[in-house]
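Dear colleague,

I am handing over the structure below, and I would be glad if you looked through it before reading the notes that follow.

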Amino acid sequence: MGNGHRKWFVRKGVEPTELELKVMECERRGYIVPSRKLIKTPEQIEGIRESGVINTGVLDLIEKEIKIGMSTEDIDKLVYDYTVDHGAIPAPLNYEGFPKSVCTSINEVVCHGIPNPHTILKDGDIINVDVSTIYKGYFSDASRMFCLGNVSPAKQRLVDVTKECLLIGMEVAKPFGFVGDIGFAIEQHAKKNGYSVVRDLTGHGVGLAFHEDPEVCHFGKPHTGMVLVPGMVFTIEPMINMGKSQVVFSERDGWTVTTRDRLPSAQWEHTFVMTEKGLEILTY
Ligand code: MF3
Ligand code: CO
């Protein structure tokens, strides 16, 4: 690669920082490095953090209010009202035509379930509520699972192991490590527990837009993919299936993603910032 194609280079008369020198060295070795735009400034990170506080407030509210007998539309209304009352915008609303403020995905629905008044939460359901917030132009994104009433031990274990997958992915992500380290660790943990990882949907950079680079696959090889540079902000959001990994995209509503074998799926998500010490959660 010629110098002209480099993303990072020493600017005339500007002393490069230690971080810049390290990234340039990674690029020289042929690793995929983030563009400068993906490295957030301290001000941008504070903005995303504030957005994350509201996003967490929404999820805490849902955790308090969710119950058997309510509709997914009721969840949508709680999300919309809380978000707007806090001066923010629900990021999903009108995003590429998505009609609601939140994604609600029950049992075999993997993700992107659309809230509606006819879908009523039942005893034994597991549901992912995926909340994304825009505040002062900054985006945050997180989701949790909720277990309603008497959930079978098998479904409960899926929910628990999926949360472990998220935390393990977070732990292995090191500054100047690789995106592939995350996916590798997650898939290992899922497989060890007899589960499969959804491959058609990924985590993503986030902050100045809903979806930025890099793609964060929940499978992969260590020491591959983009270098994790301090200042990068991205999600990890493993979707783990009890059965096979294949999914079906709804042709009817254009959004709902379901497991092909109709067995349950679970997902947990946080937005993180890479620091000098490792990942910090911005949606706690
Ligand atoms: N919140 C999802 C994610 O984690 C994206 C949902 S897009 C929507 O990336 F339009 F369905 F909201
Ligand atoms: Co996301």
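A polar side-chain atom of H204 lies 3.0 Å from an oxygen atom of ligand 1, a polar contact being a pair of N or O atoms within 3.5 Å. Taken alone, ligand 1 exposes 340 Å², of which the protein buries 97%, with accessible areas from the Shrake-Rupley method with a 1.4 Å probe. Polar side-chain atoms of D141 and of E269 each lie 3.1 Å from an oxygen atom of ligand 1.

This is a predicted model, in which local features need pLDDT of at least 70 and side-chain atom pairs count only at pLDDT 80 or more, whereas totals for chains, interfaces and linings use all residues. Residues are numbered from 1 along each chain as written, chains are lettered from A and ligands numbered from 1 in the order written, and side-chain values use heavy atoms, without hydrogens and water.

The cobalt ion (ligand 2) is coordinated by D141 (OD), H204 (NE2), E237 (OE) and E269 (OE), at 2.1 to 2.2 Å, where donors are N, O and S atoms within 2.8 Å of the metal (3.2 Å for Na, K and Ca), and sites may look incomplete because water is not among the atoms. In sequence, these donor residues follow the spacing D-x62-H-x32-E-x31-E.

Best regards

Key. Polar contact = N/O pair within 3.5 Å; in protein donor to acceptor, adjacent residues only side chain to side chain.
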